[in-house]
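These are my notebook entries on a structure that is new to me. I record what I looked up, entry by entry.

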Amino acid sequence: MILVKLGGSIITNKEKPLTPNRKLIRKIASSLKNVDEPIVVIHGGGSFGHYWSVKYDMHTKPQKYSIKGVATVKNSMVELNSIVLESFLESGLKPYCLPPSDFMIGDKPLTKKVKEISNIAKTGLIPISYGDAMWFGKNKFYILSGDRIMGVLSKLLRPRLAIFVTNVDGVYSDMKSKNLLNEITTEIPITSEVTMDVTGGMSRKIKEAFYISKGGTDVFFVNGKIPKRITNAINGKSFEGTIFRG
Ligand code: IP8
């Protein structure tokens with residue numbers, strides 16, 4: 001099985017609130033048609049979920065956030081998710097809507113439910129989940145990142161490969177020189193970045209990538225603006241991006 005995270009920077013225009021990148025979502029979906037392994041897709045919030053999370057000052061820490069904020073963030077993610085689902089269906093794939101509240105309670109996965117995700121994927125359907133505003137318990141909510149979902153699912157489903165699709169070529173040693181790191185074997189210091197992401201942007205992805213690769217799964221970072229790179233990574237052809245070896 002292949003786990004694919006479609007970053008918010010690729011499925012939305014992050015410069016413009018509430019703007020999906022329908023064309024690119026469709027292009028990526030079409031390229032995934034060439035994969036014959038079960039696939040599970042997770043997507044981020046981009047200029048939908050993050051836009052509202054910032055407005056309502058909501059973060060990953062469980063707190064008593066504004067319930068109007070919770071409702072608004074959740075609605076925006078359902079909207080973005082339905083755009084992704086439609087695009088996948090239009091591209092000839094069979095998406096299966098999977099809100100994270102389906103397989104998580106509070107901030108913990110429901111193991112039995114998670115294991116069923118792989119059976120759903122084996123039928124040819126593509127389960128599609130997403131970062132979301134979640135009920136934590138005791139009147140608290142939190143923002144669950146799609147990157148964290150990648151970690152949670154990898155641990156229980158042990159995919160062959162976990163791919164983070166972003167709008168850059170991979171992980172750079174620093175943002176100034178844009179020197180691309182082809183392979184990361186030891187934990188690297190994460191340089192600070194300017195981001196509107198309430199969940200931590202690239203630093204969070206790198207953190208999850210280490211967590212996933214330590215569990216034995218290879219993790220790839222690829223540029224989704226060139227969808228062929230995703231399928232090349234899956235098929236083991238001419239890889240362009242960054243690898244964290246599992
Ligand atoms: O973009 C966050 O998911 P991410 C989703 O994967 C929300 O970090 C609701 C901001």
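For the entries on touching residues, I take contact to mean heavy atoms within 4.5 Å. I note at the outset that this is a predicted model.

**Entry: a loop arginine**

I began with Arg-160, whose place is in the loop between α6 and β9. Leaving out residues up to four places away in sequence, I found that Arg-160 touches Met-1, Ile-2, Glu-37, Thr-217, Asp-218 and Ile-234. I looked up its accessibility and recorded Arg-160 as partly exposed, with a relative accessible area of 40%.

Arg-158 is exposed, at 52% relative accessible area. Its phi is near 45 degrees, a positive value in a residue other than glycine.

I next turned to Lys-138, in the loop between β7 (132-137) and β8 (140-144). Its phi, near 50 degrees, is positive although the residue is not glycine. I noted for background that most residues other than glycine have a negative phi.

**Entry: the whole chain**

I then stepped back to the overall figures. I counted eight helices and 14 strands in the secondary structure of the protein. The radius of gyration is 17 Å, close to the 18 Å that the globule rule gives for 246 residues, so I regard the protein as being as compact as a globular protein of that length. Along the principal axes, the C-alpha trace spans about 50 × 45 × 35 Å.

Of the 246 residues, 51% count as buried. The protein exposes about 11500 Å², and carbon and sulfur atoms supply 53% of that area. For contacts between residues at least 6 apart in sequence, I recorded that 75% join residues at least 24 apart. I found 36 positive and 21 negative side chains, with the centres of the two sets 3 Å apart.

**Entry: the nonpolar cores**

Which residues have the most contacts inside the largest nonpolar core? I listed Leu-6, Leu-32, Val-41, Phe-88, Ile-163 and Val-165, in a core of 33 residues. Helix α4 (residues 67-90) gives the most to this core, with six residues. There is also a second, separate core of 29 residues, which includes Ile-42, Met-134, Leu-157 and Phe-244. I noted as background that nonpolar side chains tend to be buried together in soluble globular proteins.

Not counting residues up to four places away in sequence, Leu-6 touches Ile-11, Ile-28, Val-41, Ile-42, His-43, Gly-44, Phe-88 and Val-165.

**Entry: helix α8**

I examined helix α8 (residues 228-235) and found that six of its eight residues are buried, so the helix is largely enclosed by the rest of the structure. The buried residues are Arg-229, Ile-230, Thr-231, Asn-232, Ala-233 and Ile-234. Against what do they pack? I recorded β1 (2-6), α2 (22-32), β9 and β13 (218-223). Just after α8, Gly-236 takes a positive phi of about 75 degrees.

**Entry: a loop proline**

I looked up Pro-62 and found it in the loop between α3 and α4. Pro-62 counts as partly exposed, at 25% relative accessibility. Leaving aside neighbours within four places in sequence, Pro-62 is in contact with Phe-136, Lys-140, Phe-141 and Tyr-142. The C-alpha atoms of Pro-62 and Asn-139 are separated by 9.3 Å, and the two residues are 77 apart along the chain.

**Entry: two helix residues**

Val-54, in helix α3 (residues 46-55), is partly exposed at 46% relative accessible area. Between the C-alpha atoms of Val-54 and Gly-241 I recorded 30 Å, for residues 187 apart along the chain.

Thr-111 is found in helix α5 (residues 111-122) and counts as partly exposed, at 38% relative accessibility. From Thr-111 to Leu-89 the C-alpha distance is 28 Å, at 22 residues apart in sequence.

Definitions and conventions. Residues numbered from 1 in each chain as written. Predicted model: local features only at pLDDT ≥ 70, side-chain atom pairs only at ≥ 80, totals over all residues. Heavy atoms only, no water. Helix = DSSP H or I, 4+ residues; strand = E, 2+ residues; numbered from the N terminus. Rg over C-alpha atoms; globule rule 2.2 N^0.38 Å. Buried < 20%, exposed > 50% of the residue type's maximum accessible area, 1.4 Å probe, protein only. Areas by Shrake-Rupley, 256 points an atom, 1.4 Å probe, with all protein chains shown as cover. Lys, Arg positive; Asp, Glu negative; His and termini not counted. Charge placed at Lys NZ, Arg CZ, Asp CG, Glu CD. Core = buried A, V, L, I, M, F, W, Y, C linked by side-chain atoms within 4.5 Å.
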